[in-house]
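Student: Could we go through this structure step by step, from a single residue up to the contacts between chains?

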Amino acid sequence: MKAIVSVFAKDSKGIIAYITALLAEKEINVLDISQTLLQEYFAMIMLVDLTDCGLSFTELSSFLGQKGRERGLDVHIQRQDIFDAMHKV
Amino acid sequence: MSYLLNSSEILQTIQMINQQHLDVRTITMGISLLDCTDTDMDACCRKIYDKICRCAGNLVKTGCDIENEFGIPIVNKRISVTPIALVAASCAAADYSPIARALDRAAKETGVNFIGGFSALAQKGFTDSDLRLIRSLPEALSSTDLVCASVNVGSTRAGINMDAVALMGKIIKETSERGYMGCAKLVVFANAVEDNPFMAGAFHGVGEPETVINVGVSGPGVVAHALRECRGQSFDVVAETIKRTAFKITRMGELVAQEASRRLGVPFGVVDLSLAPTPAVGDSVAEILEIMGLERCGGHGTTAALALLNDAVKKGGVMASSHVGGLSGAFIPVSEDAGMIASAREGTLCIDKLEAMTCVCSVGLDMIAVPGDTDADTISAVIADEAAIGMVNSKTTAVRIIPVKGKSVGESVDFGGLLGSAPIMPLHRGSAAEFIARGGRIPAPLHSLRN
């Protein structure tokens with residue numbers, strides 16, 4: 001299953017490294033990354049593949065949310081289908 | 001394989017959810033109770049309770065799972081059942097409130113936040129069972145928390161059952177004597193639909209399958225946000241913008257509906273293309289009308305603005321879903337919409353303007369608090385007017401009117417949660433007693449010579 005990980009935070013060093021290390025720890029492959037700065041805010045969108053991830057979606061979602069909060073990051077994971085449904089005819 | 005990420009689209013969706021109150025308003029499971037009839041009231045209640053718990057046992061958990069995985073809030077999980085006047089017809093009991101309490105227990109056991117279908121369809125006349133159900137309403141609504149009731153008193157094909165209109169005025173009045181929350185759970189319809197997922201008027205029609213999943217979407221905040229970007233532009237642009245936004249909202253609802261249907265093993269029914277406000281700031285239908293250029297919702301121009309909004313929501317949504325139904329359109333529940341509350345409080349939004357608005361929007365006079373000393377005949381007359389609009393215009397109309405005991409114009413009442421708060425609105429003086437006392441039926445309208 002593919003999913004979108006979104007990260008919002010005040011820009012600082014090492015955000016990508018921190019998030020990708022968490023993903024690697026859970027056997028999640030990153031397929032694509034896009035990042036933008038909205039003023040001083042950092043917004044990162046990642047497309048990830050959950051095929052080898054052993055956690056359930058709910059467990060993964062709360063793991064990422066919790067680890068994000070520990071570093072002051074707003075981290076969410078959502079199934080990719082929702083974005084396809086809303087934006088592609 | 002390419003992994004194209006369109007970050008601006010993804011960010012747009014995330015902003016819609018996080019900042020513009022985009023949500024799925026309700027996943028409603030319709031359940032047929034036609035196999036729960038029994039001559040013994042206790043046995044009937046037991047069958048109803050068991051069947052609902054069996055069919056909807058996983059509804060709330062499935063809703064929460066979908067919410068989690070897609071990151072879309074699903075505000076309500078609800079159940080609608082076959083109109084109880086049909087199910088209970090063979091029961092040898094004058095009082096149907098034990099069934100309401102069985103429904104209430106089943107709703108609490110399954111964890112849903114409302115159950116609809118304590119209903120009677122009496123548009124052409126009463127069965128004995130319809131009358132027993134209607135007379136049970138004050139007790140049923142005051143002795144339960146989650147049960148919603150509705151009575152259909154008219155239709156375009158049958159006309160208006162004025163005996164039912166007269167009786168419902170008295171029943172609403174009697175219900176209000178036992179506390180205003182009862183009236184917030186009771187809707188009087190004309191042209192009621194069988195697949196409506198929204199409360200308080202949801203019931204599972206006889207033409208529906210054994211069980212079904214219907215979904216109601218929402219998103220006034222998303223439409224308002226999109227319209228802010230086209231200030232000063234023509235109505236062509238406004239209509240197009242609303243259509244595009246409604247399309248996206250509805251696609252999300254369709255995805256959730258299909259997913260819920262698949263996981264629960266229950267057929268998908270319809271997506272209700274709706275703009276349902278909540279009392280939260282930024283989630284208001286009135287605000288959309290004001291962004292179109294009106295100083296206040298309720299002023300002149302409001303009806304035209306609402307007509308455009310209602311039509312564009314349907315046009316945008318209809319292509320986004322495989323099956324569309326329910327009430328589909330913009331809702332104008334006064335107490336549930338921050339902008340309407342403000343307009344009603346300052347007197348710009350009055351009962352007459354609301355009545356005009358119901359000619360062009362999806363339902364009717366909804367969540368309107370009136371003085372506690374309003375008499376039953378006046379309530380019946382309000383229902384008759386609204387039913388006439390529905391009957392003549394071949395649309396659903398409804399009245400959810402709440403006489404608040406001990407309160408008068410200028411005061412307000414707080415219903416709590418999604419039901420919001422409402423100022424007590426003035427109704428017209430002048431008795432309709434003689435009009436309502438006539439009884440009988442208003443004949444169905446002619447379908448040619450339409451002017």
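**From one residue to the chain contacts**

Tutor: Ala43(A) is located in strand β3 of chain A, which covers residues 41–49. The model is a predicted one.

Student: Is Ala43(A) buried, exposed or partly exposed?

Tutor: Around Ala43(A) there are 19 other C-beta atoms within 10 Å. A residue counts as buried if 20 or more lie within that distance, and as exposed if 12 or fewer do. Because its count falls between these cut-offs, Ala43(A) is partly exposed.

Student: Leaving aside neighbours within four places in sequence, which residue of chain B is in contact with Ala43(A)?

Tutor: Neighbours within four places in sequence are left aside here.

Student: Which element of chain B gives the most residues to the side that touches chain A?

Tutor: The contact between the chains joins 18 residues of chain B to 21 residues of chain A. On the side of chain B, α1 (7–18), α3 and α10 each supply at least two residues. With six residues, the element that gives the most is α1(B).

Student: How many residues on that side of chain B are charged?

Tutor: The side of chain B that touches chain A is divided by residue class. Nine of its residues are nonpolar and five are polar. The number of charged residues is four.

Student: Within chain B, which element gives the largest share of the side of domain 1 that touches domain 2?

Tutor: Chain B is divided into domain 1 (31–190) and domain 2 (216–435), and their C-alpha centres lie 23 Å apart. The contact takes 33 residues from domain 1 and 32 residues from domain 2. Elements giving two or more residues on the domain 1 side include α3 (59–70), β4 (147–155) and α7 (162–177). The largest share, ten residues, comes from α7(B).

Student: What is the handedness of the crossing of α9(B) and α10(B)?

Tutor: Helix α9 (residues 220–228) and helix α10 (residues 235–264) of chain B pack at an angle of about 145°, and their axes are 9 Å apart. The crossing of α9(B) and α10(B) is right-handed.

Student: How many residues of this helix contact are nonpolar?

Tutor: From α9(B), the contact uses Val222(B), Val223(B), Ala226(B) and Leu227(B). From α10(B) come Val238(B), Thr241(B), Ile242(B), Thr245(B) and Ile249(B). Two residues of the contact are polar and none is charged, while the nonpolar ones number seven.

Definitions and conventions. Residues numbered from 1 in each chain as written. Chains lettered and ligands numbered in written order. Predicted model: local features only at pLDDT ≥ 70, side-chain atom pairs only at ≥ 80, totals over all residues. Axes fitted to C-alpha atoms, helices over the stretch in contact; angles between N-to-C directions. Helix = DSSP H or I, 4+ residues; strand = E, 2+ residues; numbered from the N terminus. Left-handed = near helix turned anticlockwise from the far one by under 90°. Contact = placed C-beta atoms within 7 Å. Nonpolar A, V, L, I, M, F, W, Y, C, P; charged D, E, K, R; others polar. Domains from an automatic or database assignment.
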